[in-house]
Amino acid sequence: MKTVDVGKDFYFRLANRNELQGDGKHTALEFRSKYLSELDNELAWKDMAPFIIFDFTNVKRIGPSFANEAFAYFMKYTKPDNFMQKIQFKNIDEVDTGIIRKELLSGYKK
Amino acid sequence: MKKKNIQYLLWVNQRQFKKRKIEIHKSKAKRRNKFIKKREPVHKEYRKSIKNERKQISIKLHSDYSYISGNKKIDIDSQFGLEDSKQFDNYLSYASSIIDFNERELTLNLNNCARVWPSAVTLMCSLKEWVEFGSKYNHIKHPLIRSTDSKDSSVNSYLTHCGFYDYVGRIANNNSGEFNDSHIVKIQRELKKDSDTMCQKEDSIIKLLENTTTFTKSQIKLFCSTVILEVFQNVIEHGITCNDQGWWVLAQYHPLHHFISINIADNGIGFKNSLLSGPQSQQLKDELGTNAEDEGYLLQYAMNENVSGAIDASIKEGYFFHKGYKKGSGRGNGLDRIRTTCKELGVPFSILSHYGYISYNNRGSVIKSGSCKNRIFAGTLYHFNFPIKEA
């Protein structure tokens, strides 16, 4: 299973939903297509085996808009608990986990 | 009729019925696709047209101002700011006479002013940009804005200390030695929207909160990630994307009053214009009727219903009773995140946007909301009174 150091491999501040927000760089859309594009179909969610681990050691903060676009997008295929089983987070603090969980529970909104 | 013939006729009818059903389905889909294509927010042309419309709105906002003649003097007595809830109405009345002035000269008489709070400093900074931007687009000389010194020397020294005199280019008379630099995030016009600048500002607010409050690091991080970050995204979108007017941050620790005043503002087109020029404009007009023109009503509606003025906001599709959001999408919930996190942490806050205002207490209830006859802020101001201790 692949492990990604998000802070080093992507960016340390996860804030922009898409190219229209902020400086339009390091967006959630970019993140999704870089690491999670294979999961953008119903079939991929039938198998619950872990797919990827995101290491948050070097991530400073994650915003709700980013979490919504990058992760809650998949709520049309699966449920929050299944999502957390397939996509795992390492070295992530309770605030960031809480933000991601909240977005997963509230569903994809933009 | 023979049994065989009856069966044949039934078979033909069924076939015709099925054919007709397919035709209806196809024409419905065609109509729906045409409708979606016309209003689909991700369409490049559509995005461009919204941006252009917002640019035009931004210029039009200034068209009523000529600043040709006359002199207006506004006496600001006692206190000026949103920080003290008792002064809220006073602030609105001062703000509405300041922003909407149309004379050649404006004098702010601070002679009897006992305190200028950070929210008032932010208002005065945005006023400078408001008149300069308006004059530039109307090709007129910009008016002269003056302020007198206060009898109270601490008012003058605070205006120096917070960066206001630097910002407006006024020579400071007093030193600001009595104030502590570690208690403030000074005001300046921010023109950059890159993540490094944002991160720097977020870090300085976090540092200020960590050094002065009893809130845990996790609570402060939650406030920064869900409230400050979300507000920054809003002010950048409205402040810089439209016409490059910038945005401001001013945070100040008030040890005697037990809170930190955080003010983040832009000089953008405001909530109403943003919502009514965005993808959800038609559905808002349909739902709210004439109330859609009332900035205060729209502001309260936006806080409760989570509508969005974002260029790529979701829109309802379909017809009549079947109208709804596309599967997997919903309406913006940025304001809801701000409201719920502030309620969770017990942070009172207010939002002022052009003519409208809304104010929440530390329990998340609306204490004031409405519209003024005159403009009360040049763009949108987000004001938070972060308490030193948890309630």
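**Chain B, overall.** I started by counting elements in chain B of this predicted model, and I found 12 helices and 15 strands. I then looked up burial: of the 391 residues in chain B, 43% are buried. For contacts in chain B between residues at least 6 apart in sequence, I noted that 73% join residues at least 24 apart.

**The core.** Next I went to the largest nonpolar core, which has 114 residues. A:Phe71, B:Val116, B:Val121 and B:Ala251 are the residues with the most contacts inside this core. Helix 8 of chain B (residues 217–239) gives the largest share of the core, 11 residues.

**Helix 3 of chain B.** I checked the length of this helix, residues 88–99. At 1.5 Å a residue, its 12 residues should span 16 Å, and the end C-alpha atoms are 16 Å apart, so the two agree. Which residues of helix 3 of chain B are buried? I listed B:Tyr91, B:Tyr94, B:Ala95, B:Ile98 and B:Ile99. Seen down the helix axis, these buried residues fall within an arc of 110°, so they line one face of helix 3 of chain B. The spacing made me recall the general rule: an α-helix has 3.6 residues a turn, so residues three or four places apart point the same way. I also looked up what the buried residues of helix 3 pack against: strand 1 (71–75), strand 2 (78–80) and helix 4 (118–138) of chain B.

B:Tyr67 sits in the loop between helix 2 (44–60) and strand 1 of chain B. Is B:Tyr67 buried or exposed? B:Tyr67 has 20 C-beta neighbours inside 10 Å, so I put it down as buried. B:Ser78, also other than glycine, has a positive phi near 50°, and this residue lies in strand 2 of chain B. With 11 other C-beta atoms within 10 Å, B:Ser78 is exposed.

**A sheet in chain A.** Last, I traced an open sheet of three strands in chain A, with the order 1-3-5 and parallel pairing. Its edge strands are strand 1 (2–5) and strand 5 (87–90), each pairing on one side only. Neighbouring strands are turned by 25° against each other on average, direction ignored. Strand 3 (residues 52–55) and strand 5 of chain A pair over four bridges, and A:Phe54 has A:Phe89 in strand 5 as its bridge partner.

Methods. Residues are numbered from 1 along each chain as its sequence is written. Chains are lettered from A and ligands numbered from 1 in the order in which they are written. This is a predicted model: local features need pLDDT of at least 70, side-chain atom pairs count only at pLDDT 80 or more; totals for chains, interfaces and linings use all residues. Helices (H or I, at least four residues) and strands (E, at least two) are DSSP runs, numbered from the N terminus. The expected span of a helix is 1.5 Å times one less than its number of residues. A residue is buried if 20 or more other C-beta atoms lie within 10 Å of its own, exposed if 12 or fewer, and partly exposed in between; C-beta atoms are placed from the backbone. The arc is that of the directions from the helix axis to the C-beta atoms. Two residues are in contact if their C-beta atoms, placed from the backbone, lie within 7 Å. A nonpolar core is a set of buried Ala, Val, Leu, Ile, Met, Phe, Trp, Tyr and Cys residues joined through C-beta atoms within 7 Å. Two strands pair if DSSP finds at least two bridges between them. Axes are lines fitted to C-alpha atoms, for helices over the stretch in contact, and angles run from 0 to 180 degrees between N-to-C directions.
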